Amino acid sequence: MTATNTRVVLARRPVGEATPDCFSVETEELAELEPDQIRVAVHYISVDAGTRTMLRGEGFHQQVGLGQTILAGGVGVVLASNHDAFQVGDAVRGGLGAQTVATVGPKDIAKVDDSTAPLSAHLGILGHSTGVTSWIGVRCVAKPQPGEVFVVSAAAGAVGSIAGQIAKRDGAQVIGIAGGPTKAAYLIDTLGFDGAIDYKNEDVSERLKELAPNGLDIFYDNVGGPILDAALENLALHARVIICGAISQYDDMDNVTGPSLYLSLAKSQAVMEGFAYFHFPEMIKPALAELTQWVEDGSIVMSEEILEGIERYPEALQFMFNGGNTGKLMVKAA
Ligand code: NAP
């Protein structure tokens, strides 16, 4: 049995960008397993934008204390078990944390079927904070109708790339906003979107006017800030603005820049609605059933970007906030 665990802990609370010096990587001896505990070899750790909001010490999400292991979803394989529901060799997913070996209780993990999709896919396309979030945001909140214009930000990222593909399947005209020409080309050539805007090199509002002259029916926002305002400037009558996230604001949550053009909601008789996937627990099963079907028939694209080695987790978080990743970003723990 593995005798040590290497974990990423919060060394100091970030001010602004969460740079790698905010974290330290420590190796500890593993204690004997207690009754009901399960020991899991962590294979992949999910890197999520929302993790930045857990490092502040207060807020909407669960918080990480100084010296504590960074909270993160993960997938792995059971190494040892003192609980009847889990056997050595079971593939599992859950809140495993940014570490190589997790010691957890039975409620912290669930078995996954790694014969239908590789283990990493259970964090990406089949992960709760990724594919399931996209599915719930599109199907339960945005509800695009055939022919509607659906615009998504952080469109080349994990949640955005799947949300756009689901809206496309549902008959919408999909336009993605992402940073840089390579990502803009990926949206069209790989994901099959109808339009792409490179927000780093193009005027988003002007491009939206060109690509959607009758306005946006749905804006599925992952970014916030100036991109949200550019969308608000271009709403169609009865538009829906869906707040999935606002990564541009997470580095300074005490000074969130709100949308200055919110009066466009009145002009367009539009609504703005936020959501979190965990408010739809009854939809996780149907979401997973349909996403699994698409994985099996190969009709959905889910790019994965994997950094190797637990010590690269701090770098990975910074990489995401600098727009490095295309698709789902993960760290391969060992
Ligand atoms: P992701 O989209 O895979 O990665 C984040 C992407 O955001 C980066 O690759 C970068 O792409 C873009 N970005 C970063 N800083 C930006 C900035 N200042 N302005 C514009 N774009 C920026 O990350 P994810 O984990 O899938 O999360 C996407 C969003 O979904 C986040 O807002 C997250 O909080 C939200 N989320 C919500 C829920 C929910 O239940 N509501 C659940 C999970 C995630 P570019 O190269 O294009 O800049």
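Q: Which side chain of opposite charge is nearest to buried arginine 39, and how far away is it?
A: Glutamate 32, at 6.6 Å. Arginine 39 is buried yet has no salt bridge. Keep in mind that this is a predicted model.

Q: What does the side chain of arginine 39 reach, then?
A: The backbone oxygen of alanine 31, at 2.8 Å.

Q: And where does arginine 39 sit?
A: In strand β3, which covers residues 38-46.

Q: Let's zoom out. How is the chain divided into domains?
A: Into domain 1, made of 4-124 + 303-332, and domain 2, made of 128-279.

Q: How far apart are the C-alpha centres of domain 1 and domain 2?
A: They lie 28 Å apart.

Q: How many residues of each domain are in contact with the other?
A: On the domain 1 side, 24 residues. On the domain 2 side, 16.

Q: Packing next. Which residues touch the most other members of the largest nonpolar core?
A: Seven names here: Ile125, Trp135, Ile136, Phe150, Leu187, Tyr220 and Leu291. The core holds 42 residues.

Q: Which elements give two or more residues to this core?
A: Four helices are α1 (128-142), α2 (158-169), α3 (181-189) and α7 (284-297). The strands are β8 (149-153), β9 (173-178) and β11 (216-221).

Q: Which one gives the most?
A: α1, with 7 residues.

Q: What does tryptophan 135 touch, leaving out residues up to four places away in sequence?
A: Cys140, Ile166, Met283, Pro286, Ala287, Glu290, Leu291 and Trp294.

Q: What about a second core, and which residues does it include?
A: The second core is separate and has 32 residues. Among them are Val8, Val42, Leu55 and Leu317.

Q: Why would nonpolar side chains gather like that?
A: In soluble globular proteins, nonpolar side chains tend to be buried together.

Q: Switching to charges. How many salt bridges are in the whole structure?
A: A search finds 15.

Q: Take aspartate 90. Which side chain does it meet in a salt bridge?
A: Lysine 111, at 3.7 Å, N to O. The pair links distant parts of the chain, 21 residues apart. Aspartate 90 is in the loop between β4 (74-81) and β5 (91-94). Lysine 111 is in strand β7, residues 109-111.

Q: Is that aspartate 90 buried or exposed, and what is its relative accessible area?
A: Buried, at 16%. Lysine 111 counts as partly exposed, at 49% relative accessibility.

Q: Which side chain does aspartate 170 meet in a salt bridge?
A: Arginine 139, at 2.8 Å, N to O. Aspartate 170 lies in the loop between α2 and β9, and arginine 139 in helix α1, so the pair ties together parts 31 residues apart in sequence. Arginine 139 is partly exposed, with a relative accessible area of 24%.

Q: And glutamate 233, what is its partner?
A: Lysine 209, with the closest N and O atoms 3.9 Å apart.

Q: How accessible are glutamate 233 and lysine 209?
A: Glutamate 233 is partly exposed, with a relative accessible area of 43%. Lysine 209 also counts as partly exposed, at 36%.

Terms used
Residues numbered from 1 in each chain as written. Predicted model: local features only at pLDDT ≥ 70, side-chain atom pairs only at ≥ 80, totals over all residues. Heavy atoms only, no water. Core = buried A, V, L, I, M, F, W, Y, C linked by side-chain atoms within 4.5 Å. Buried < 20%, exposed > 50% of the residue type's maximum accessible area, 1.4 Å probe, protein only. Contact = heavy atoms within 4.5 Å. Lys, Arg positive; Asp, Glu negative; His and termini not counted. Salt bridge = Lys/Arg side-chain N within 4 Å of Asp/Glu carboxyl O. Polar contact = N/O pair within 3.5 Å; in protein donor to acceptor, adjacent residues only side chain to side chain. Domains from an automatic or database assignment.
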